[in-house]
Amino acid sequence: MATERVDVASLVPEPSTVFAGFIALTLEALLALLYLTEVGSISLSLVVLPFVWINVGLWALWRTEVPAAPVRRRRIAAVVAVGYALVLAYFGGLLDLGYAFVSVPGYDPSYGWYVSTSLPPGFGPAVTYESDLLIVRLFPYQVVGYAALSYLVYVTVIDAAGAAVSGVLGLLSCVSCSWPIIATIVTGVAGSSSAVAAQAYQQSLPLSTAVFVVTVALLYWRPSL
């Protein structure tokens, strides 16, 4: 029985990737130091973990190539990916029902768009939109992370539909797609207060970060395995 060998060279990052990573880490370190200088004391996880989301997400977006596929298969994959993104956004707290459907005791809503700049880098600058129909909260780390997951799901659906074997592998790996959703439900992110600070300082961040990184790894390396 033949044994498939793994190309070790393919696992070594390209010079352009290393250079881009160095620039990104340097800028993030400067932003973190500037923020710590202003606030004085804060949990280290709130400064570091959002950058883990951003870096891993951008890396996945950069390195993942879309396989060749018919237009119809791409459209189906796009529909699945958009639906997955909406589910992530809802359970992750980026999207919520407006004040015509849900009321928050003691909170005075500010209708329209506004930006919060006092949050740690990665959490902010956070863009919020509040209305009677819809509430949108855009935290940079979640926007980048969920975009990466949705893109990987898009590629996974295209790849899984190409052959019977890859279809089975795609089904197994996409079980992990639900991990970020399950993590947010278990840790109570869904249904949290619409106040930006309450959403930003959820104690579930370490768990959700671990789930995010594992999910990205499974979805990224599954096609090559």
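**Ground rules.** I number residues from 1 along each chain as its sequence is written. The model is predicted, so local features need pLDDT of at least 70 and side-chain atom pairs pLDDT 80 or more, while totals for chains, interfaces and linings use all residues; side-chain values use heavy atoms, without hydrogens and water.

**Helix α8.** I took helices as DSSP runs of H or I, at least four residues, numbered from the N terminus. α8 covers residues 205–221. I checked its length against the expected span (1.5 Å times one less than the number of residues). The 17 residues should span 24 Å, and the end C-alpha atoms are 24 Å apart, which agrees.

I then listed its buried residues (under 20% relative accessible area, 1.4 Å probe, protein chains only; exposed is over 50%, partly exposed in between). They include Leu-205, Val-211, Phe-212 and Tyr-220. Seen down the axis, the buried residues of α8 fall within an arc of 165°, so they line one face. The arc uses directions from the helix axis to the C-beta atoms.

**Two residues.** Gln-142 sits in α4. At 4% relative accessibility, Gln-142 counts as buried. A polar atom of its side chain lies 3.0 Å from the backbone oxygen of Gly-92. Arg-73 is in α3 and is partly exposed at 25%. Arg-73 and Ile-158 are 85 residues apart in sequence, yet 6.3 Å apart C-alpha to C-alpha.

Note on methods:
Helix = DSSP H or I, 4+ residues; strand = E, 2+ residues; numbered from the N terminus. Polar contact = N/O pair within 3.5 Å; in protein donor to acceptor, adjacent residues only side chain to side chain.
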